[in-house]
Each structure stands twice: as structure tokens, then as C-alpha cells.
Amino acid sequence: MAVQRKRPALLKDNSWCAGCGHGLFTRLLHESLEELGYDNNYICVDGVGCSSNYFAATTLGSAIESHHGKAPTIARGVKLARPETMVFTYQGDGDAYVIGLSETLNAAHFADPITTFVLNNNNYGMTGGQMSWTSLPGQVTTTSKAGRDPETTGMPLDPLKMAAQEERVAFAARAALNSPKNINLAKKYIKKALELQVKEEKYAIVEMLSPCPTDWNLTPVQAIRWIEEEAVKYYPLGVLKDTTEGGGA
Amino acid sequence: MKVLMKGNEALAEGAVRGGAYLFAGYPMTPQSEIMEYLSVRMPELGRIFRQTESETASIFTVYGARQAGMRTFTSSSGVGMSLMQEGISGMCAKSIPGVFANVQRCGPGLGFALEGQGDYLRDTRGGGNGDYRVLILAPNSVQEMMDFAYESFELAEKWKNPVEILSEGKIGQMVEPVELPEFKETKRVVDGMDGVPKKILLDHDDPEFGLKIAKKIEAMAEEEQRWESYLTEDAETIFTAYGIPSRTARGAVDKLRAEGERVGLLRVISAWPFPVKGFAQLPDTVKRILTIESCVTPQMAEDVLITAKKVMHLRDAEVYSLCSGPVAAKVGEIMQKYYQIKEDPQKEAISIIPNKAEPFNRAEL
Amino acid sequence: MAELLIDKELCKACGYCIHFCPKEALSFSEEMNQKSYTPVQVDKEKCIFCGTCYTVCPDTVFEIRA
């Protein structure tokens, strides 16, 4: 049984490392945009970090570059100006969960009809693998060379859980980009989150655990195993909140 | 027909009439009336008011909405303006014509919350990281609060550069009669592109980026200088000031003229670009220039000193500074300083010890 | 007849497709592409066009035409 598969029209050669989850996410994103008929009517607000490479990975996509952590506030402004356009933020964990924690939670609080996508790779990818608030206890990074010590740096932070508690958040879910099954699930979440924005004017947030082989000092295949074996212990997958019909949770 | 309005409200109403479609702001003395006023006024007109979680969020909401084509503005004061600098720098980098008002305080940190002119140097030099300039208009009356806000959107769009209204607490809080201008036509999205912008948003990937910014700054500096001269034709001493001190300075000019002194006033309206042309038009009878500011250390006085070097016939003029602290210098204080510098010229005209009259100790004055 | 298309120049040789291919139809080739990676190649005899390689590829190397 042959299944037809076609590269999304706007994507081109990207500059992410081999095995990086960002490439996976952009493909899922653009597949969803095409399926919803919005690939010609969207504005992506890039975070700062590896997500800023998104701009160079598309041929005619519309992206606004933001400052560190400020993507949700910019997206709010863009959506106010152009309510007919699909507006979403594309951020990393350092951007959305550390420096932009306030912006992310306030976006969930205001619940403007935008969508937030967070690629959580448990470290600061672009700057060379420093410790993030999402790094796991004992995780070796360039700023926690003996492994993250929860005594002095705290336990992994889970802002997705905080966002899900906000009354007006319609959908909050965590997927992982580490296996065909999980990638297909991530696609489902992404599409649902975007659909909620344009059909019901609701706010949704989707986090994806994303492999970062370069900064984890692992091969790509080891990296996806590490997500499976380590990251999910602190960041369990699944739907945290779903207010839509039949959504439960 | 004129109506009585508070400065902050006039600024807000001027912006509304000038076409502002969205205001995003955060409460902070002495400018909170702007957002209080707009929280009613914007919805009344079917436009958008947003109270945001911080000044940073205000400026970035403006940043996003303006980039998507909507006329937007925000306002703040003191440390709130400091928080906004990142966004302002970003707007300059992306040529986003945002508008914002700084209703100044005075002094570092939280400062003196009610009035003063503490931010001249920071704002005229751009304010944030990188090198750029913001067009700055400095009103000295409630009418000008309204007029400058009214024209700021078109000015910003003309240059694709942010515009700042550099006001101060005193003007924001005082009440004067104002003439209301006609409403300008506006809509949700005024420019940008048809439909959605395509790959327009990364100007600094352009190799000519730096050069383009430099050329724009040069052209703005040439075309946008504004000033007002008062009794300068035969003056030996020029008072120069912006904002509220320019009003007390004018009073001092009148009184000193009545005493037979040859004094005049050059009021700075565009704090950036600094009105070098206005200084170039001063007569060659000018022997000394006194800058009057409501701040702690000489700020605009530095620009005056630089300008005096640029203008050939002012090169030998003595340059003095009167810094009165948060509260604007009174007419009597300016006259006292005038006679002091006239009779006893000082070598170190601008010094870091601003005014020997101990500006903070108001009780003794 | 279905066809698996591979854009060798997009490949960064991460190996996800090889790892997940249910039929072991994929392997690294000997030659380098312009990015100096050894791109993936397919054994056409073994491929069943299930689309798994497309799903796990971060660099949109694969397309399947029915």
C-alpha cells in the first residue's frame, strides 16, 4: 500500500543541524497550514534561538523576528491588526519558558486567539548548549558541567502545566519528535491548535520535546532514545487540557 | 472653540484624532491619565485599548501591530521607558513607524515621580542598544501635547522611523484650553501590503542595511529640525531650553528686556534632530548661551556645547548650564543666574555640579 | 507504480529514516553530497512505500509519488 507524500510547498533547504527537531516541526507545521488552507495567509513570530532559522527555511513564508522571549506579545499585536490571518509563535524552551516565561503565561492569561509552539530541547541550542530551566537533574550542559544540580538551580520547570491552568486556554498538549508514532501525534496537536485559532478564536499551546544531538553530544539516534528514556520522565506526553467537544482532560 | 484639558488627556485625544487605532500601556505616574482616558475613548470609537503586563509588553504589542500595518502608540515614564528601550531599538532596526510618549520624571532609578526632564540624553541618542535615532518632539503646552501627538503618526510613516513625544510630568498634569483638530481618517490596517507581508521583515539581512540607516538619519537630521526664536535679533545672551523651562525662560527674557538687558530665547522643539540651524541663525552679537533644564546634571547643555562648536560665529561664545533639579527653574532663579554669569564669567561653564544655588533644597530658595 | 524520491542534497545523514525503516530498505551511500554528508539511498526492491522515512525526516529529503 503506497501512500503519497509531498514536501510542503514553502519549505526549502534548512540550516538546522543533522537530526534536529526543528526541521520536523516546520514540516508538520506547513503540512497543517496547507491542509487548513492557510499557507498563504499566516504570520509566524519567531523566537530568538534556533527557531529564528525558520525564516531562512521557507521560500515565501511570512515571519516576524522577535526579541528574546517577546514573541507572544508581538503576536498579540499582529493578531489585533490582522484578525483574519493565522498568527502563531514559534519558540524554543529558553525563549518561551525562561526569558519569556512572563510573556508566555500572560499570553495564556489574555488568551488572544494566537497559537504558541514551543520546541523543548532541554537546553539553549543556538548559543551552544547552556543550561535551561528545562534541563534535567544531572544533565551536563556547558554551564552545568557537573550535571544540573537541583539544590542550587531548581527542578525542571513545566510552564505548559501553568498555562493549562489558565481558564481561557482551549488546548494544551505535549508531544515528542522522536518516533513515527509521536511525530504523527504531534502533527495532530499542531493542526488542532491552529484550527482552534481560526475556527473558534481560541488560544492553544503545544510543546514538543525535540532532539538536539549537537548540544547533547549524542548521535541523532541516541538523542531520540534519550527523549524516550529520560526527558519524558519529567515531561510526560499527552493532552493536558482540551476544552473542545470530546476532548476530555 | 477651545476646551479645557489636562496635558495627558490632550496627548491621548491628539493621538486618537491623528489616527491611532491601538493603545497598549502600563500604569505609571505621571502619565497614567493617558491610558485611563483611552480605556474609555478607544472602545467608544470602535478602536482597541490594551492594558498589558509590563512596559516591555506594551512596546512589543505596538511593535507587532505596527509591523502588521496598524497605527499604534504607547506611553510611559521613568523606569517604564527604560523597559521599552529594547522594543524601540527593535523598531528602528525594522523601520517600524511606532509612536510613543515619554512623560518624563527626573533622576536615576525610580527618580522623582512627579516632574522633571531626566531622559534627554538617553532618548536623543536612541536609548537602546545599537546606533540609531528617534525623531523627538518636545511640547511645552497642553495644545502642543495634542498637536504633536496628532501629527506624529504621519511623521513616523514619512520616515519609517519611530517618533517620540518627549513630554514631562508638569505638562502632563497641567490643564490649559486647547483647540481640537479634525479627526484624520483611519482604519485597522493602514499600510503594509495587500494581504499578508511576504519576507519583508528582516531588513538587517540586507548588506546595505547600515548604510541605509545612516542615510535616513542624515536626511532626518537635515529636514526635521524645529525651534522657536524669541527676541534674539540683537541678543548678547541666549537662553535655550525645551519643555516647561522654555516657558519660565521666556518670562525671564521679558523681565530682563524690561530692565534693558539684551537677552533672547531659542526654544528647542525637536530634541532630535537638535536644531543646529536655529543656532546658526543667531546673530553674531551673541556672547553667551545659558541652557536651562529640569534635571540634575547638564544634558541638553552638552548638545548646545557641541552646536556652538559647529556654528562658526558661536565658537567663542561661553556656554553655561542651569540645572534646577526636578522642578523647573523659576523666573527669578534664571535672572539671578543671568546676572551671575554676565558679571562673573566662569571658565568651566558646564560642570557636573550643576547649579550653585543647590537645586534640591527648595525651601531655601 | 509508486516511487520513492530522494533529494540527496537536502540530506544531512542523521539516520532517523534508516533507524525506523521497517524493511531495512535504506542505507547511507558512499558518495558525499554538497554539504559533505553521505546521503541516504534506497534499495528499490525492499521499499514498500509506507512513508515512515518521510514522517521521521527533519529535512524533507523524501517524497513518495503514487
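Select C:K12 and A:N14: their side chains are joined by a polar contact of 2.3 Å (a pair of N or O atoms within 3.5 Å; within protein, one must be able to donate a hydrogen and the other to accept it, and residues adjacent in sequence count only if both atoms are side-chain atoms). This is a predicted model, in which local features need pLDDT of at least 70 and side-chain atom pairs count only at pLDDT 80 or more, while totals for chains, interfaces and linings use all residues. Residues are numbered from 1 along each chain as its sequence is written, chains are lettered from A in the order in which they are written, and side-chain values use heavy atoms, with hydrogens and water left out.

Remain at C:K12, which counts as buried because its relative accessibility is 4% (buried means under 20% relative accessible area, with a 1.4 Å probe and protein chains only). Leaving aside neighbours within four places in sequence, the residues in contact with C:K12 include A:W16, C:Y37 and C:D59 (contact means heavy atoms within 4.5 Å).

Next, display chains A and B together. Their contact takes 31 residues from chain A and 32 residues from chain B. The two chains bury about 2700 Å² between them, 58% of it on carbon and sulfur atoms (accessible area, 1.4 Å probe, lost on being put together and summed over both).

Then select B:E86 and A:K70, whose side chains meet in a salt bridge at 4.0 Å, N to O (a side-chain nitrogen of Lys or Arg within 4 Å of a carboxyl oxygen of Asp or Glu). Across this interface of chain A and chain B, the rule finds four salt bridges.

Notes
Buried < 20%, exposed > 50% of the residue type's maximum accessible area, 1.4 Å probe, protein only.
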